[in-house]
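Hi everyone, thanks for coming. Let's take a few minutes to walk through one structure together, starting with its charged side chains and then moving to its core.

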Amino acid sequence: MNGNTPYAGLPGETGAGQRAAADVPDLSSAQKRLLHRDVSRIAARTREFLPNEYVVDADVSTGMTGPQVTVAVRPPVGHAVSAGFTPDL
């Protein structure tokens with residue numbers, strides 16, 4: 001239940017809920033389209049290297065620090081593996 005402590009959030013920060021909205025970068029429509037296009041290309045390129053039994057998906061979301069991208073691979077057996085990053089704007 002880390003969310004109930006004053007130490008939840010980014011490393012080195014306390015009171016994570018107190019981040020100002022101005023600290024979170026806002027993407028323009030063009031930037032959002034480019035980000036979605038680029039992450040779709042990463043997922044498509046990943047699919048090229050894997051057999052058809054693997055499922056590859058990508059997601060763009062907005063986190064506490066701004067946009068975040070996740071690419072996930074689900075093998076036919078076992079747990080899914082994902083990699084996430086925050087794009088450098």
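Which side chain meets Arg 45 in a salt bridge? The partner is Glu 48, at 2.8 Å from N to O. A salt bridge here is a side-chain nitrogen of Lys or Arg within 4 Å of a carboxyl oxygen of Asp or Glu.

A word on the source: this is a predicted model, where local features need pLDDT of at least 70 and side-chain atom pairs count only at pLDDT 80 or more, while totals for chains, interfaces and linings use all residues. Residues are numbered from 1 along each chain as its sequence is written, and side-chain values use heavy atoms, leaving out hydrogens and water.

Back to our pair: Arg 45 and Glu 48 both sit in helix α1, 3 residues apart, about one turn of the helix. Helices are DSSP runs (H or I, at least four residues), and strands are too (E, at least two), numbered from the N terminus. Glu 48 counts as exposed because its relative accessibility is 56%, and Arg 45 is partly exposed at 47%. Buried means under 20% relative accessible area, exposed over 50%, and partly exposed in between (1.4 Å probe, protein chains only).

The count comes to 2 salt bridges. Arg 37 also pairs with Asp 38, with the closest N and O atoms 3.0 Å apart.

Now the core. The largest nonpolar core has 8 residues, including Leu 27, Val 39 and Val 71. Such a core is a set of buried Ala, Val, Leu, Ile, Met, Phe, Trp, Tyr and Cys residues joined through side-chain atoms within 4.5 Å.
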